[in-house]
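Me: I have just opened this structure and would like to go through it step by step. Could you take my questions as they come?

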Amino acid sequence: MSGSVYARTRRRNPATGEVLMSGNTWELAPAPAAEIVAMTLRTQLGACALDPGLGVDWESLRKVATGAPASARAAILAGLDRLARAGVIADLAVSVTVDRGDRLLYEIVYRDTRSAGRTRITGAV
């Protein structure tokens, strides 16, 4: 392994969140902060028995209500706040728009504090 590795986490399938294996060993993620952000986004707040504070409170969102994009943005920011406070990510920007009236599209841009450049993650709820 390179001397530039600052953290280790399992590499996951971006679509399903399943850990990727190489034989009987899990693969290392090339960008640990991105894996942690993605895992936070795909977890309902309170659903992880080992870490009930992990996740975003997606269930409380009312996607067709007035102010839904602002509520979704606030929920995402709250879910990622602990990563920002821990110094894992910085310069966090979140935007949410409505698509087709019943789907919220989000874009998250942040800087991994231990590597150069910014990372962009998009998704829909």
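**Salt bridges, sheet and helices**

Reply: A place to begin is the pair Asp99 and Arg103, whose side chains form a salt bridge with an N to O distance of 2.9 Å. Please note that the model is a predicted one.

Me: Are Asp99 and Arg103 buried or exposed, or something in between?

Reply: Asp99 is partly exposed, with a relative accessibility of 22%. Arg103 is also partly exposed, at 31%.

Me: How many salt bridges does the structure hold?

Reply: The structure has 5 salt bridges. Among them is one between the side chains of Arg111 and Asp91, at 2.9 Å from N to O. Arg111 belongs to strand 4 and Asp91 to strand 3, so this pair ties together parts that lie 20 residues apart in sequence.

Me: And how accessible are Arg111 and Asp91?

Reply: Arg111 has a relative accessibility of 29% and counts as partly exposed. Asp91 is partly exposed as well, at 45%.

Me: What about Arg85, which residue does its side chain meet in a salt bridge?

Reply: The partner of Arg85 is Asp81, with 2.6 Å between N and O. Both residues are in helix 2 (residues 68-85), and because they are 4 residues apart, about one helical turn separates them. Arg85 is exposed, with a relative accessible area of 65%, whereas Asp81 is partly exposed at 33%.

Me: Let us change topic. Which elements does the chain have, and in what order do they run?

Reply: The chain contains 2 helices and 5 strands. Read from the N terminus, the order is β-β-α-α-β-β-β.

Me: Which strands make up the open sheet?

Reply: The open sheet has 3 strands in the order 3-4-5, and their pairing is antiparallel. Strand 3 and strand 5 are at the edges with a single partner strand each, so one side of each has no neighbour in the sheet. From one strand to the next, the twist averages 15°.

Me: What holds strands together in a sheet, in general?

Reply: Strands of a sheet pair through backbone hydrogen bonds, and the pairing may be parallel or antiparallel.

Me: How many bridges join strand 3 to strand 4 here?

Reply: Strand 3 (residues 89-99) and strand 4 (residues 103-112) are antiparallel and are joined by 9 bridges.

Me: What lies between strand 4 and strand 5?

Reply: The two strands form a hairpin with 5 residues between them. In the turn, Gly117 has a positive phi of about 85°.

Me: Where do the helices sit relative to these strands?

Reply: Helix 1 (residues 32-41) lies across strand 3, strand 4 and strand 5, at about 150° to strand 4. Helix 2 packs on the sheet and touches strand 3 and strand 4, its direction making about 160° with that of strand 3.

Me: Finally, the chain as a whole: what share counts as buried, and what is its accessible surface?

Reply: Of its 125 residues, 29% are counted as buried. The accessible surface of the chain is about 7,500 Å², and carbon and sulfur atoms account for 51% of that.

Note on methods
Residues numbered from 1 in each chain as written. Predicted model: local features only at pLDDT ≥ 70, side-chain atom pairs only at ≥ 80, totals over all residues. Heavy atoms only, no water. Pairing = 2+ DSSP bridges. Salt bridge = Lys/Arg side-chain N within 4 Å of Asp/Glu carboxyl O. Buried < 20%, exposed > 50% of the residue type's maximum accessible area, 1.4 Å probe, protein only. Areas by Shrake-Rupley, 256 points an atom, 1.4 Å probe, with all protein chains shown as cover. Axes fitted to C-alpha atoms, helices over the stretch in contact; angles between N-to-C directions. Contact = heavy atoms within 4.5 Å.
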